[in-house]
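Please examine the sequence and the structure below.

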Amino acid sequence: MRKPNPGKVNFGSAGGGSITHLAGELLKPEAKIDLVHVPYKGRPPAVNDLLGGQVQMASSTCRCCSGHIAAAS
């Protein structure tokens, strides 16, 4: 089955080799999706770009995102 738009989904991480980077890389074969890694200098900049729409996905902790979750609800 051919997937539409290969390589069009970006995922932000806290940097190359970080746990968030490895989580995204492990997700790719499990979900059979083509993700493009976008490394950041820490989780907060990745979350900021996720909220701003520059990346479509990011893995983070509740501690880093809880302020944004509370604001949205």
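Lys 8 lies in the segment before strand 1; strands are DSSP runs of E with at least two residues, helices are runs of H or I with at least four, and both are numbered from the N terminus. The C-alpha atoms of Lys 8 and Val 55 are separated by 9.9 Å, although the two residues are 47 residues apart along the chain. The model is predicted: local features need pLDDT of at least 70, side-chain atom pairs count only at pLDDT 80 or more, and totals for chains, interfaces and linings use all residues. Residues are numbered from 1 along each chain as its sequence is written, and side-chain values use heavy atoms, with hydrogens and water left out.

Buried means under 20%, exposed over 50%, and partly exposed in between (1.4 Å probe, protein chains only).

| Residue | Relative accessible area | Class |
|---|---|---|
| Lys 8 | 56% | exposed |
| Ser 13 | 1% | buried |
| Glu 25 | 28% | partly exposed |

Ser 13 is found in strand 1. Its side chain makes a polar contact with the side chain of His 37 at 2.6 Å. A polar contact is a pair of N or O atoms within 3.5 Å; within protein, one must be able to donate a hydrogen and the other to accept it, and residues adjacent in sequence count only if both atoms are side-chain atoms. Leaving aside neighbours within four places in sequence, the residues in contact with Ser 13 (heavy atoms within 4.5 Å) include Thr 20, Val 38 and Ala 46.

How do strand 1 and strand 2 run, and how many bridges join them? Strand 1 (residues 9-13) and strand 2 (residues 35-39) run parallel and are joined by five bridges; two strands pair if DSSP finds at least two bridges between them. Within this pairing, Phe 11 has His 37 of strand 2 as its bridge partner. From strand 1 the chain passes through helix 1 to strand 2, in a right-handed β-α-β crossover: with the strands pointing away from the viewer, the path from the first strand over the helix to the second runs clockwise.

Helix 1 (residues 19-31) holds both Lys 28 and Glu 25, three residues apart, about one turn of the helix. Their side chains meet in a salt bridge (3.2 Å, N to O), defined as a side-chain nitrogen of Lys or Arg within 4 Å of a carboxyl oxygen of Asp or Glu. A search of the whole structure finds one salt bridge.

Overall, the protein has three helices and three strands, in the pattern β-α-β-α-β-α along the sequence. Of its 73 residues, 21% are buried.
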